[in-house]
Amino acid sequence: MRIVVASGKGGTGKTTVATSLALVGGESVRCLDCDVEAPNAALFLHPVLDRRQEVGIPLPRVDTALCTHCGKCAEVCQYHAIAVLGQTTLVFPELCHGCGSCTRLCPEAAITEHLHVTGVLEGGLTADGLEFARGLLQVGEPMAVPVIRELKRWPPLRRPALEIWDAPPGASCPVVETLRGADFALLVTEPTPFGLHDLKQVVGIARALEIPAGVVVNRDGIGDQGVDAYCADQGLPILLRIPMERRIAEGLARGRSLLETAPDYRPAFQALLAAIQDRVNTEYAP
Amino acid sequence: MKLVISIAGDNLQSPFDARFGRAAAFCLVDSDTGAWTAHANPALEAAGGAGVQAAQFVAGLGARAVVSGAYGPKAYASLSAAGIAMHLAPGNAPRTAADVLAQFQAGALNQAQAATQDGRH
Ligand code: SF4
Ligand code: SF4
């Protein structure tokens with residue numbers, strides 16, 4: 001089962017929820033930090049990162065001796081990353097998405113692909129024995145999506161019974177890429193108008209991908225009733241409420257996971273996991 | 001010689017558009033006879049790579065020279081590869097494509113020697 005933990009913006013406690021869920025899941029869990037621009041789940045899980053792999057996008061390279069400048073590649077590229085101008089075929093790496101269409105369509109087989117490294121995957125086990133992996137987008141590289149895609153494809157050390165994917169904040173392509181193929185979207189929000197606004201955007205994505213969703217309200221009690229009303233109206237279950245508590249904030253600031261700081265939350269997260277599993281099993285029941 | 005001028009309209013009297021990749025349209029003029037046609041810029045809706053797409057389009061029109069206000073790096077690389085001369089009509093003064101054509105014919109326009117904007121296109 002694959003659970004994505006997402007939120008419309010950063011700082012809602014998304015990573016706190018994702019890591020806590022991973023910790024109650026035990027050894028059968030693999031946790032992926034898909035926030036490749038600013039991964040921080042490792043700060044709370046303390047894995048030993050001893051696996052490493054470079055990833056990137058396959059960039060086309062044109063063999064000038066074979067190219068007849070027929071223009072097929074430029075025609076098929078929807079990103080205008082390859083252009084035929086007179087007797088020259090140009091590739092613009094910053095525009096290329098590495099989709100491979102030009103290579104496949106070139107009638108002269110003049111194009112070969114070469115890996116352009118845009119990021120690195122790192123992985124290993126935590127002290128509790130759970131598997132962790134993350135992607136790191138190289139500074140200056142514009143495209144997070146290929147790194148996320150490769151992270152999700154990275155063969156696990158052992159077959160996980162449960163996957164927890166910590167999504168990047170926001171509601172753009174990297175979030176969509178993280179949610180793709182998930183069985184459940186756990187959306188973390190704050191009970192404020194801003195929280196509600198961002199929540200609606202991720203709910204939109206989950207709906208578009210037809211992924212069942214549930215909500216965690218973090219810092220419960222700080223805002224208004226807007227999130228509750230919206231969830232009731234949309235039939236979105238609120239699966240957990242975490243009240244605003246000073247000891248939690250202080251523990252997180254010191255790099256301790258929620259469950260280390262407040263072990264009394266363990267049953268609540270176990271119940272959360274069970275509730276999600278229940279919902280997924282009902283959703284996909286024959 | 002076939003010349004392309006970036007314009008914000010659909011004829012030779014239309015205002016000159018100083019952006020190349022994001023110009024509304026291109027006026028293709030025969031600088032010897034003055035005969036012209038207007039062509040909508042297919043790159044206008046492009047999410048990225050507008051400069052490249054516009055350059056390919058202009059090359060496809062058979063232009064040997066362009067006049068615009070600025071060229072991004074990808075447009076510059078593409079137009080250079082196509083052997084198309086890039087002329088600059090500097091300043092923000094409102095003028096029509098016909099005014100720019102007259103300046104070109106008078107030899108008053110310099111050629112761009114490098115990309116003239118950082119080109120977030
Ligand atoms: S499709 Fe192949 S042969 Fe045709 S222009 Fe592109 S690289 Fe050259
Ligand atoms: S790999 Fe895809 S995006 Fe890159 S140049 Fe070829 S067709 Fe365009």
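User: Which elements of chain A each supply at least two residues of the lining of the second largest pocket?

Analyst: This is a predicted model, in which local features need pLDDT of at least 70 and side-chain atom pairs count only at pLDDT 80 or more, while totals for chains, interfaces and linings use all residues. Residues are numbered from 1 along each chain as its sequence is written, chains are lettered from A and ligands numbered from 1 in the order in which they are written, and side-chain values use heavy atoms, with hydrogens and water left out. On a 1 Å grid over the protein atoms alone, a pocket is an open set of points with protein on both sides within 12 Å along at least five of seven lines, a cavity is a set where a 1.4 Å probe fits but cannot get out, and lining residues have an atom within 4 Å of a point. With helices (H or I, at least four residues) and strands (E, at least two) taken as DSSP runs numbered from the N terminus, the elements are helix 1, strand 10 (213-220), strand 11 (238-243) and helix 9 (246-253).

User: Is helix 1 of chain A largely enclosed or exposed?

Analyst: Helix 1 covers residues 14-25 and reaches 17 Å from its first C-alpha to its last, close to the 16 Å expected at 1.5 Å a residue, where the expected span is 1.5 Å times one less than the number of residues. Buried here means under 20% relative accessible area, exposed means over 50% and partly exposed lies in between, with a 1.4 Å probe and protein chains only. Since 12 of its 12 residues are buried, helix 1 is largely enclosed by the rest of the structure.

User: Which residues does A:Leu259 contact beyond its neighbours within four places in sequence?

Analyst: A:Leu259 lies in helix 10 (residues 258-261) and is buried, with a relative accessible area of 6%. A:Leu259 and A:Ser20 are 239 residues apart in sequence, yet 6.2 Å apart in space from C-alpha to C-alpha. With contact taken as heavy atoms within 4.5 Å, the partners are A:Ser20, A:Leu23, A:Val24, A:Tyr265, A:Arg266 and A:Phe269.

User: What distance separates the centres of the two domains of chain A?

Analyst: Chain A is divided into domain 1 (2-46 + 127-283) and domain 2 (58-116), with bounds that come from an automatic or database domain assignment. Taken over C-alpha atoms, the separation of the two centres is 39 Å.

User: Which helix gives the most residues to the lining of the largest pocket?

Analyst: The largest pocket has a volume of about 860 Å³, and of its 30 lining residues the closest to the centre are A:Glu94, A:Leu95, A:His97, A:Pro142 and A:Met143. Two or more residues come from each of strand 6 (111-125), helix 5 (145-153) and helix 6 (173-179), while domain 1 and domain 2 each contribute at least three residues to the lining. The most, 3 residues, come from helix 5.

User: How many cavities of 30 Å³ or more does the structure hold, and which residues lie closest to the centre of the largest cavity?

Analyst: A search of the whole structure finds 4 such cavities, and the largest has a volume of about 120 Å³. Of the 17 residues that line the largest cavity, the closest to its centre are A:Pro60, A:Cys77, A:Cys96, A:Cys99 and A:Cys102.

User: Which residues lie nearest the centre of the second largest cavity?

Analyst: The volume of the second largest cavity is about 100 Å³. Its lining is made up of 15 residues, and those nearest its centre are A:Cys67, A:Cys70, A:Cys73, A:Cys106 and A:Ile111.

User: What share of the contacts in chain A with a separation of 6 or more joins residues 24 or more positions apart?

Analyst: Chain A has 11 helices and 11 strands, and its C-alpha atoms fill a box of roughly 70 × 45 × 40 Å along the principal axes. Buried residues make up 52% of its 286 residues. Among the contacts with a separation of 6 or more, the share from residues 24 or more positions apart is 74%.

Key. Grid points are joined across faces, edges and corners, and a volume is the space filled by probe spheres set on the points.
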